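Please have the sequence and the three-dimensional view at hand while reading.

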Amino acid sequence: MPDAIIAYRKAIELNNSSPVYWSNLSLAYMNAANYTEAEKAMSQAVALNGSDEYKQRLDEIKKLSAQKLFFSRNIIRKNPLILSWNLNKILMELILKTINK
């Protein structure tokens, strides 16, 4: 987990009513390409401070998330071997973790 995400989560533990912390956490998640968590964090910022700026950022995150989903689905649909390769990679990692215990 990136340091920025850890830092903002700790800041939010200390003061969960700061829309700035939630907004910054959202941006950190965006940098990590975790749009689901970015949207959740920005939604919290909007709930605490319904400014147009925060609402606009939330809309942008939702659009990017939808684009990412569309792009991912199209890649897999056009090349199902990508999905197969990813599943095989995950299974191999699980097997290696089990063996190394």
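The points below proceed from the overall fold to helix pairs, the core and individual residues.

The structure is a predicted model. Of its 101 residues, 22% are buried. Among contacts between residues at least 6 apart in sequence, 36% join residues at least 24 apart.

**Helices H1 and H2**

- The axes of H1 and H2 come within 9 Å and cross at roughly 160°. Because angles over 145 degrees count as roughly antiparallel, H1 is described as roughly antiparallel to H2.
- The crossing of these two helices, H1 and H2, is left-handed.
- On the H1 side, the meeting residues are Ala 4, Ile 5, Tyr 8, Arg 9, Ala 11 and Ile 12. On the H2 side, they are Tyr 21, Trp 22, Asn 24, Leu 25, Ala 28 and Tyr 29.
- Sorted by class, the contact of H1 with H2 has 10 nonpolar, 1 polar and 1 charged residues.
- Ile 6 also lies in helix H1. Ile 6 counts as partly exposed, with a relative accessibility of 32%.
- Ile 6 and Ala 28 are 22 residues apart in sequence, and their C-alpha atoms are 9.4 Å apart in space.

**Helices H2 and H3**

- The axes of H2 and H3 come within 8 Å and cross at roughly 165°. This crossing angle makes H2 roughly antiparallel to H3.
- H2 passes H3 in a left-handed crossing.
- H2 contributes Pro 19, Trp 22, Ser 23, Leu 25, Ser 26, Tyr 29 and Met 30 to the contact with H3. The residues they meet in H3 are Tyr 35, Glu 37, Ala 38, Ala 41, Met 42, Gln 44, Ala 45 and Leu 48.
- By class, the contact of H2 with H3 has 11 nonpolar, 3 polar and 1 charged residues.

**The largest nonpolar core**

- In soluble globular proteins, nonpolar side chains tend to be buried together.
- The largest nonpolar core in this model has 16 residues, of which Trp 22, Leu 25 and Met 42 touch the most other members.
- The elements that give two or more residues to this core are helix H1 (3–14), H2, H3 and helix H4 (52–78). The largest share, 6 residues, comes from H3.
- Leaving out residues up to four places away in sequence, Met 42 touches Trp 22, Ser 23, Ser 26, Tyr 54, Arg 57, Leu 58 and Ile 61.

- Ser 23 lies in helix H2. Its relative accessibility is 1%, so Ser 23 counts as buried.
- Beyond its neighbours within four places in sequence, Ser 23 is in contact with Met 42, Ala 45, Tyr 54 and Arg 57.
- Tyr 35 is found in helix H3. With a relative accessible area of 18%, Tyr 35 is buried, because the term applies to values under 20%.
- Tyr 35 touches Met 30, Ile 61, Leu 64, Ser 65 and Lys 68, residues up to four places away in sequence not being counted.
- Tyr 35 and Lys 62 are 27 residues apart along the chain, while their C-alpha atoms are separated by 7.8 Å.

**The loop between H2 and H3**

- Which residue has a positive phi although it is not a glycine? That residue is Ala 33, with a phi of about 60°.
- Ala 33 is found in the loop between H2 and H3. At 36% relative accessibility, Ala 33 counts as partly exposed.
- Asn 34 lies in the loop between helix H2 (19–31) and helix H3 (35–48). Asn 34 has a relative accessible area of 30% and is therefore partly exposed.
- The C-alpha atoms of Asn 34 and Ser 65 are separated by 8.7 Å, whereas the two residues are 31 residues apart along the chain.

Note on methods
Residues are numbered from 1 along each chain as its sequence is written. This is a predicted model: local features need pLDDT of at least 70, side-chain atom pairs count only at pLDDT 80 or more; totals for chains, interfaces and linings use all residues. Side-chain values use heavy atoms; hydrogens and water are left out. Helices (H or I, at least four residues) and strands (E, at least two) are DSSP runs, numbered from the N terminus. Buried means under 20% relative accessible area, exposed over 50%, partly exposed in between (1.4 Å probe, protein chains only). Contact means heavy atoms within 4.5 Å. Axes are lines fitted to C-alpha atoms, for helices over the stretch in contact, and angles run from 0 to 180 degrees between N-to-C directions. Angles under 35 degrees count as roughly parallel, over 145 as roughly antiparallel, 65 to 115 as roughly perpendicular and the rest as oblique. A crossing is left-handed if the near helix is turned anticlockwise from the far one by less than a right angle, and right-handed if clockwise. Ala, Val, Leu, Ile, Met, Phe, Trp, Tyr, Cys and Pro count as nonpolar, Asp, Glu, Lys and Arg as charged, and the others, Gly among them, as polar. A nonpolar core is a set of buried Ala, Val, Leu, Ile, Met, Phe, Trp, Tyr and Cys residues joined through side-chain atoms within 4.5 Å.
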